[in-house]
Amino acid sequence: MTARVVLLASSPRVAPGLLSRDAWRCLEGASSRWCRSDDEALAGAVRSAGLPVESVDEGVTPPVLARRLVAATQGGREVVWVGSADGDPGLSDSLASELSALADPPEIEVLVGSWDVPGARLLDAVAVMDRLRSPGGCPWDAEQTHESLVPYALEEAEEVAEAVAGLADGSHRYEDLRDELGDLLLQVLFHARVATEAEPGPTAADAPFDIDDVAATLVAKMVRRHPHVFGDSTASTPAEVEEQWAQIKAQERADRAARREVEHPAGHGPA
């Protein structure tokens with residue numbers, strides 16, 4: 001076996017065990033596997049697959065870690081560093097420095113075991129919103145309510161409209177629109193996070209919800225309102241699609257009204 005240090009990188013936004021076939025082959029064939037901490041999710045997934053992973057001292061510096069990894073390749077051994085969620089800042093530079101001082105250095109390989117899927121960064125946005133709203137987070141964010149957030153949602157929607165208009169007259173660029181859309185997305189995340197803390201109501205329609213419920217509702221609505229794409233409808237022009245959309249939306253409203261009438265018959269609803 002060729003002396004080699006393999007730096008296994010993976011996306012922290014996908015399940016840690018979802019690695020490529022090449023990554024699992026490398027892990028299975030390595031002389032040893034190292035990680036920074038027993039708490040690292042990827043290391044846990046590798047151990048769950050029956051492959052031992054050695055943990056280093058959590059306080060070890062990148063230069064010391066690089067020296068240990070290189071030393072572990074003596075005798076033609078292959079060592080896999082099971083990458084940490086933070087990307088192990090400083091380790092690559094320390095390895096480069098360590099190898100430059102050796103007459104016969106081991107090979108270094110960066111192996112990407114998994115990649116972000118489209119939309120994966122939304123998970124980061126959800127995590128940041130949760131951190132801001134949780135104990136020890138931001139006191140301003142913690143005291144907001146659906147009512148207090150309404151002015152911000154309206155303001156951000158207006159600024160999105162201004163950015164779109166500005167694309168036509170040259171006063172705005174795409175990066176401006178991207179920024180404003182992010183601000184509007186924040187309002188969606190904020191309302192969804194606040195809703196998770198609500199007290200359950202008397203019916204399913206009054207139940208707390210989270211951002212996954214918002215997304216699931218949106219997906220169901222998109223599929224339902226596009227039967228010409230997901231079903232057997234034959235709408236083929238924008239005008240036909242709009243007419244069909246209006247019919248579906250009207251039926252949805254009627255169905256919702258009927259459900260609420262069952263839940264709260266006329267004269268018997270909540271005061």
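This is a predicted model: local features need pLDDT of at least 70, side-chain atom pairs count only at pLDDT 80 or more; totals for chains, interfaces and linings use all residues.
Residues are numbered from 1 along each chain as its sequence is written. Local features need pLDDT of at least 70, side-chain atom pairs count only at pLDDT 80 or more, and totals for chains, interfaces and linings use all residues, while side-chain values use heavy atoms, leaving out hydrogens and water.

**The sheet.** Five strands form an open sheet with parallel pairing, in the order β3-β2-β4-β1-β5. At its edges stand β3 (54-55) and β5 (107-112), each with a single partner strand, so one side of each lacks a neighbour in the sheet. Strands are DSSP runs of E of at least two residues, helices are runs of H or I of at least four, and both are numbered from the N terminus; two strands pair if DSSP finds at least two bridges between them. Strand β1 (residues 4-9) pairs with β5 over six bridges, and Val-5 stands opposite Ile-108 in β5.

Angles run from 0 to 180 degrees between N-to-C directions of axes, which are lines fitted to C-alpha atoms, for helices over the stretch in contact; contact means heavy atoms within 4.5 Å.

| Helix | Lies across | Angle |
|---|---|---|
| α2 (residues 41-48) | β1, β2 (32-35), β3 and β4 (78-82) | about 150° to β2 |
| α3 (residues 62-71) | β1, β2 and β4 | about 145° to β4 |

**The buried side of α2.** In α2, Leu-42, Ala-43, Ala-45 and Val-46 are buried (under 20% relative accessible area, with a 1.4 Å probe and protein chains only). These residues cover an arc of only 160° around the axis, which puts them on the same side of α2; the arc is that of the directions from the helix axis to the C-beta atoms. Their cover includes β1, α1 (21-29), β2 and β4. Just after α2, Gly-50 takes a positive phi of about 90°.

Terms used: Buried means under 20% relative accessible area, exposed over 50%, partly exposed in between (1.4 Å probe, protein chains only).
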